[in-house]
Amino acid sequence: MSDPKPISATATATATDFLAHLAAIIESRKPANGGDPATSYVARLFAKGTDAILKKVGEEAIETVMAAKDGVPEKIVYEVADLWFHSMIALAQFGLRPADVLAELARREGLSGLEEFAQRTLTPRDKEGG
């Protein structure tokens with residue numbers, strides 16, 4: 001299998017800019033920043049707290065898997081977009097940004113999955129094979 005073609009710098013900057021823009025909107029929806037849970041879905045999730053946000057991420061992950069099992073590209077894109085969006089809400093809940101995730105992906109570039117896994121500090125769950 002050949003390596004995928006590299007993404008142009010313009011496309012990368014545009015995607016990164018959009019993620020940063022979306023993250024800023026999400027951040028502005030926090031009730032502490034003036035987001036109103038009565039009028040904003042995102043503000044309502046923040047007001048419900050971490051457990052509600054993480055539950056939503058889990059639901060979207062399951063819907064993504066189900067869409068992938070169906071094999072319909074449009075459904076997959078739709079569900080992955082929901083998953084990314086709710087993951088971005090989770091990142092914001094913990095004071096993180098998409099740039100933090102992008103930096104981690106960049107750090108891993110060029111490592112095989114096995115090398116990357118070997119560099120991790122194993123958690124008890126990892127040691128159990130989970």
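## Around Lys30

Leaving out residues up to four places away in sequence, Lys30 touches Gly35, Phe46 and Ala92, where contact means heavy atoms within 4.5 Å. This is a predicted model, in which local features need pLDDT of at least 70 and side-chain atom pairs count only at pLDDT 80 or more, while totals for chains, interfaces and linings use all residues. Residues are numbered from 1 along each chain as its sequence is written, and side-chain values use heavy atoms, with hydrogens and water left out.

Where does Lys30 sit? Its place is in the loop between H1 and H2; helices here are DSSP runs (H or I, at least four residues) and strands are E runs of at least two, numbered from the N terminus. Lys30 counts as buried because its relative accessible area is 17%. For reference, buried means under 20% relative accessible area, exposed means over 50%, and partly exposed lies in between (1.4 Å probe, protein chains only).

Lys30 also lies over the face of Phe46, at 5.8 Å from the ring centre. The test for that is NZ of Lys or CZ of Arg within 6 Å of the ring centre and within 35 degrees of the ring normal.

## The nonpolar core

Phe46 turns up again in the largest nonpolar core, which has 14 residues. Such a core is a set of buried Ala, Val, Leu, Ile, Met, Phe, Trp, Tyr and Cys residues joined through side-chain atoms within 4.5 Å. Which members touch the most other members? They are Ile26, Val42, Phe46, Ile53, Met88 and Ile89. Helix H1 (9-28), helix H2 (41-48), H3 and helix H4 (73-93) each supply at least two residues of this core, and H4 gives the largest share, with five.

Take Ile26: not counting residues up to four places away in sequence, Ile26 touches Val42, Phe46, Phe85, Met88, Ile89 and Ala92.

## Along helix H3

Helix H3 covers residues 50-70, Thr64 among them. Is Thr64 buried or exposed? Thr64 counts as buried because its relative accessibility is 13%. A polar atom of the Thr64 side chain lies 2.8 Å from the backbone oxygen of Glu60. Leaving aside neighbours within four places in sequence, Thr64 is in contact with Glu79, Val80 and Leu83.

Ala52 is partly exposed, at 22% relative accessibility, and its C-alpha atom is 9.8 Å from that of Ala90, 38 residues apart along the chain. Ala68 is partly exposed too, with a relative accessible area of 42%. Ala68 and Glu79 are 11 residues apart in sequence, with 9.0 Å from C-alpha to C-alpha.

## The chain overall

The protein chain has seven helices and zero strands. Of its 130 residues, 22% count as buried. Among contacts between residues at least 6 apart in sequence, 43% join residues at least 24 apart.

The chain exposes about 9400 Å², and carbon and sulfur atoms supply 62% of that. Accessible areas come from the Shrake-Rupley method with a 1.4 Å probe; for residues, only the protein chains shown count as cover.

Notes
Polar contact = N/O pair within 3.5 Å; in protein donor to acceptor, adjacent residues only side chain to side chain.
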